[in-house]
Each structure stands twice: as C-alpha cells, then as structure tokens.
Amino acid sequence: MGGYGNGQVPLGQLVYIGPEHYLLPGVNAHWQGLVGEARASYGVTLRITGGWNGYRPLAAQEQYLRDNYTAHVLPVAGYEYYWGGRWWKRRPGKPKAAKPGTSPHGAYGAVDVANWRDLARTEREAWAIFAALCAKWRFATQRVPGELWHIEFTGDPWAIPSWAGSGSNTFEPNPEPEPQSEEDDDMPKNSLATYRNDTTSPKPTYTALVYNAGSGFNVEFTNGANDTPFTDGYLANLRASHDTGPAFATSKGAADVIKAACAKVLAGG
Ligand SMILES: [Zn+2]
C-alpha cells in the first residue's frame, strides 16, 4: 500500500472517525489505543481538533490556505512561499498553513489533538502525561515548533497491528520490529524530564528522569545539591550520554505518572 502523493489517498482507503476526521488504518489503530488509555487512566477522551486535522486531502489544504492567507502576484516582504501562481502570506491571528502538497497532515500520520491540556490540572503535568502517552503509542511530539497539539505517527501507517481490532485494546509494546525511517534515526531515543523532588521539605532536591515510554526504560539522577536546579552543562551531558531530547521541566506528580507508565510497560502491559 501507499505510494500516494501528499493529500491524495482516496477517502475510501481511510478509516472514518467523524466529520472531516479520517486516519490511515495503522494510524487509526494506534490513535484508538492512545484514546483508550487516556480515557482509562485519566478519564479524558482525547479528540481530534475540528476540521480536516487528521488526514487532510489536498483540496482541504488548499482551502485552508485560502482561508488563512492572502495572496499577491509579486514577492512582497513577509510573503512566505510561492504556490499556484501567487505569493502567500498569513493573515494576522490566523493559523499557519503549509504549502499545499507539503503538509504533514497529507503525509499519512499527523493528528491535531484538541484537548490534551485536560489530562492534568497544570499544563506542565498535562504535557508530561500527553508526551509519555504519545511516545508509548508511537506518535512523535514537537515535530512542528510551537504546536504542542500536533503529533505524527512514526510506524507503518497502513499496517493494522495484530493487537488491534480484537476489542481488548491491549497494547503489546513493539510486537514486531518495524523498519526505521531515516527521520526516526535522527530522533532522540529517550525523553528527559526534570522536577523538584520535594516541595514541602525546606531543602528539596532536583531530579532528572531519563525515560523511554515505548520500552519502559527509566533512570533517575540527582545533582545532590539542596534546592539547586541542574546546570545547563549537566543536562547537556545527560542528553549526550543517554540520547535524549531537550530537557523539560515537570512536577513530581507527573514524574510519578511517567514512572508508573514505564513500570507497566516493563511488566509486560
Ligand atoms: Zn497539525
């Protein structure tokens, strides 16, 4: 399967989820797993943002551009790109639109999630949980700078895994090795979260948690200093030695959630 240009998969080959919401079969299987786990563990039913924000056909991307951008025949300062015989510039307050034919939403696996912020009381905790769940279900986060809601599936978008569709919704981490894309090779293997370990003690310590929500691997480090955050140098060493993404600050509560999720993966489900 596959071989379609950006935004050109016939809708009949996609799984219909709701109005203007379609996903490729392999993406849908993992999305349903992610939704099911978020609902079971956090009582939140994750939703795709209204509009063509799962798979996006080319015509929808073109309409999206026309709705949010202005066009000019000449390359004036501030115009972002040339398409369809015109230069295009985003209207104030309107969302960014990729050039038609280049959107990740037309390239099989992107999903915009409307309500990930509901996963916890604070945005930081919600983000930590969301990022961990996404990693477990093979959705990459932070591929588009500034768009925390935008996630991209990293597995085979066409293949329905053996664990899907049985109704049990049981997740088997890495049931079979998947061919890695070049993009995956460049992606950091692990995540890195830092948190203040004890907010009630007069001398709290800082902890760095390196984890892999897919494999369950997790290990913690403390700098041993009372109430002193990690230095940039310390975190840079940790990133290099443990192949992590950029450090993000979180809370002890969110770190506990991540560690529990890792323990569950390590225990085999
Ligand atoms: Zn998006």
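Strands β9 and β10 pair in the antiparallel sense over six bridges, where strands are DSSP runs of E with at least two residues, helices are runs of H or I with at least four, and both are numbered from the N terminus. Pairing here requires that DSSP finds at least two bridges between two strands. Within this pair, Leu192 sits opposite Val210 in β10.

A quick word on the model: it is predicted, so local features need pLDDT of at least 70 and side-chain atom pairs count only at pLDDT 80 or more, while totals for chains, interfaces and linings use all residues. Residues are numbered from 1 along each chain as its sequence is written.

Zooming out, the pair belongs to an open sheet of four strands with mixed pairing, in the order β11-β10-β9-β12. The edges are β11 and β12, each with a single partner strand, so one side of each has no neighbour in the sheet. From one strand to the next, the twist averages 25° (axes are lines fitted to C-alpha atoms, for helices over the stretch in contact, and angles run from 0 to 180 degrees between N-to-C directions). Helix α3 packs on the sheet and touches β9 and β12, its direction making about 115° with that of β12; contact means that C-beta atoms, placed from the backbone, lie within 7 Å. Helix α5 (residues 232-242) also packs on the sheet, touching β9, β10 and β11, at about 20° to the direction of β10.

Next comes helix α6 (residues 252-266). Its 15 residues should span 21 Å at 1.5 Å a residue, and the end C-alpha atoms are 21 Å apart, which agrees; the expected span is 1.5 Å times one less than the number of residues. Its buried residues are Ala254, Ala255, Val257, Ile258, Ala261, Cys262 and Val265. They cover an arc of only 155° around the axis, which puts them on the same side of α6, the arc being that of the directions from the helix axis to the C-beta atoms. Asp256, Ala260 and Ala263, on the other side, are exposed. Buried means 20 or more other C-beta atoms within 10 Å of a residue's own, exposed means 12 or fewer, and partly exposed lies in between, with C-beta atoms placed from the backbone. After α6 comes Gly268, with a positive phi near 95°.

Finally, the largest nonpolar core has 51 residues, and Ile258 is among those with the most contacts inside it. Such a core is a set of buried Ala, Val, Leu, Ile, Met, Phe, Trp, Tyr and Cys residues joined through C-beta atoms within 7 Å. Helix α3 gives the most to this core, with 10 residues.

Notes: Two residues are in contact if their C-beta atoms, placed from the backbone, lie within 7 Å.
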